[in-house]
Amino acid sequence: MNSKRGFSSVVFTLVVLFFYLPLVILILFSFNHSKTMSWGGLSFRWYEELFFHSRTLWNSVFNSVIVALSSGLISTIVGTLGAVGISWYDFRGKRMLQVAGFLPLILPEIIIGVSLLIFFAGIKLKLSLFTVFLAHTTFNIPFVLLMVTARLEEFDFSIVEAAYDLGAREIDALLRIIIPLAFPGILSGFLIAVTLSLEDFVITFFVAGPGASTLPLHVYSMIRFGVSPVINALSVVIIAATAVLALSAGNVFKYIVRK
Amino acid sequence: MKGSSIRTEKISKRFGSFEALHDITISINKGEFFSLLGPSGCGKTTLLRIIAGFENPTAGELYLDDREILALPPNKRHINTVFQNYALFPHLSVFENVAFPLRLKKTGKRQIQTTVEEYLDLVKLTAETNKLPQQLSGGQKQRVAIARALINQPSVLLLDEPLSALDAKLRQHMLIELDAIHDKVGITFIYVTHDQQEAISVSDRVAVFNAGKIHQIGTPVEIYESPADGFVAIFIGETNFITGTVREMADNGYALIDTGPIGSLIVNADKKVSIGDTVKMTVRPEKINISAEDPQQLAAHVNVLRGSVEEIIYTGFQSKYFVNVADTLFRVFKQHINCRLNEKSISWKDRAFIWWSADDGYMVEVVHR
């Protein structure tokens, strides 16, 4: 019993180290005065550079946030309506649409990226931040679809029939019954969409126009000229922001559940 | 009467090659408590869904007070439904569930408050106003569903197996309450069930369904006491069937049938028969008397048979005897009216006499010669 517990705590510690050691090192070196991996003393030098001398970097952060929020919002709306349609309506080609809807989940990103690039070139759409938004919306919709469908499947369609029976029009049923019921699924779909959009590199790489660089693209281009400690500082800021977001999201969820 | 009449005219419904309903013509009166009774898959729920507007028939017409309503969507029919699984909105409180139809109509706040309270009072649920559906018991959920369906003051209320999810005791209780609510609101109730006991205990009339067809429409007494055919007889309670050939017609409305080894039986000639026809007759187990001693001095037109008791099932308020008469098993139910029996008691493997009045036997099927 005791040795078993000892074994599992060793495994636990190793896993935690495996996950977080790189982050700890990263945080540590963001405060390193030296530009190399040798320790040159404690300093806020890279934070200073990050906040006061990195306009293009902040520009890309701004781009990323814009794309993430807008594509998250649009894909949540489209994905939610799609999930309602697929779960609770009957129509021709429903099965096919279902498969087509989930296909992007398993397609390699590079294929989606290349196909979008060819498509945009074909319809003569100039690559810009707008094409990045379109691309992100495209790959986000299936995730929202999946989250909302999973939520809707917990409910019996007869509650929608009951709403109609009690005098509801289609729009009443959607706004008063379906969306409130699916809300936890819709919210998690939105959060996943925003996260995926923020971190996407491969697809964005293909469809971003000049000056439409997102944060991952910018970081990649910085790394090509050697790892700048500014990136370490930026990472720490992002880790802190994510942690705050995750904690507050947890509270939001608790609030919703309690409500 | 506040309710409306409902009339279906030759309604048929096909799902692919499966015919769920075939030429259903029913006329339901204003304010009536009408049951659609049948085994599962007999089409009764499909008919209910057609009346509610969730399903369109393949052919036929549907009238609400002489107005054709098939083209109307469910929310325009003045018909409301109590669903089998209640279909309560899980994210809304009891109050908001019941208030839902009023909120859609943009009724004033104070009006909603008083109306909802009135209907929660009707179903005796005023104490649970702020609970969520998941915090309620099955019976309470049922009451919410009923209040919610009634608050629009529909002219017809449809109930789709509303008690099937409740346990037996509660079912009895809710049934009585449903009947009371029906008396209070006075509208037409159409009640779908597969439970014959439920149907015959509260309904004004019952339609017995099987395989998409109506077998009989009548009052509970008519359906139980003079079933139109063998299906109705066996579906509504237990019964005995005996097949024989008509040997003689008596002019006072009885026929004598020859049943082979059992012997000759006298039976009500309630169907058109002539000598030589093959008939299937039925007699309810509780209509048959049983005794260990030869019953003497019986009135005229009584069938007396002799057999041996194969099985006795004691159920408290009655005993069920299975009596073998010439290799035909008769079910005989005997009430325990008093337990100090002054007659010889019957036990397993005993010889016993069974007898019933010819008026209690009915013909359910006739094959003309």
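Helix H1 of chain B, residues 44-52, is mostly covered, with 7 of its 9 residues buried. The model is a predicted one. The buried residues of H1(B) are Lys44(B), Thr46(B), Leu47(B), Leu48(B), Ile50(B), Ile51(B) and Ala52(B). After H1(B) comes Gly53(B), which has a positive phi, near 105°.

Arg49(B) makes a salt bridge with Glu161(A), and their closest N and O atoms are 2.7 Å apart. Across the interface of chain A and chain B, the rule finds 1 salt bridge. Residue pairs in polar contact between the two chains number 8, counted with both residues at pLDDT 80 or more.

On the side of chain A that touches chain B, the elements giving two or more residues are helix H7 (158-165) and helix H8 (170-199) of chain A. H7(A) gives the largest share of that side, 7 residues. The classes of residue on that side of chain A are tabulated here.

| Class, side of chain A touching chain B | Count |
|---|---|
| Nonpolar | 10 residues |
| Polar | 2 residues |

In terms of contacts, 18 residues of chain A meet 23 residues of chain B. The area buried between chain A and chain B is about 1,700 Å², and 61% of it lies on carbon and sulfur atoms. Of the area that chain A buries against chain B, 41% is supplied by Asp165(A), Leu166(A) and Arg176(A), more than by any other three residues.

Methods
Residues are numbered from 1 along each chain as its sequence is written. Chains are lettered from A and ligands numbered from 1 in the order in which they are written. This is a predicted model: local features need pLDDT of at least 70, side-chain atom pairs count only at pLDDT 80 or more; totals for chains, interfaces and linings use all residues. Side-chain values use heavy atoms; hydrogens and water are left out. Contact means heavy atoms within 4.5 Å. Buried area is the accessible area (1.4 Å probe) that two parts lose on being put together, summed over both. A salt bridge is a side-chain nitrogen of Lys or Arg within 4 Å of a carboxyl oxygen of Asp or Glu. A polar contact is a pair of N or O atoms within 3.5 Å; within protein, one must be able to donate a hydrogen and the other to accept it, and residues adjacent in sequence count only if both atoms are side-chain atoms. Helices (H or I, at least four residues) and strands (E, at least two) are DSSP runs, numbered from the N terminus. Ala, Val, Leu, Ile, Met, Phe, Trp, Tyr, Cys and Pro count as nonpolar, Asp, Glu, Lys and Arg as charged, and the others, Gly among them, as polar. Buried means under 20% relative accessible area, exposed over 50%, partly exposed in between (1.4 Å probe, protein chains only).
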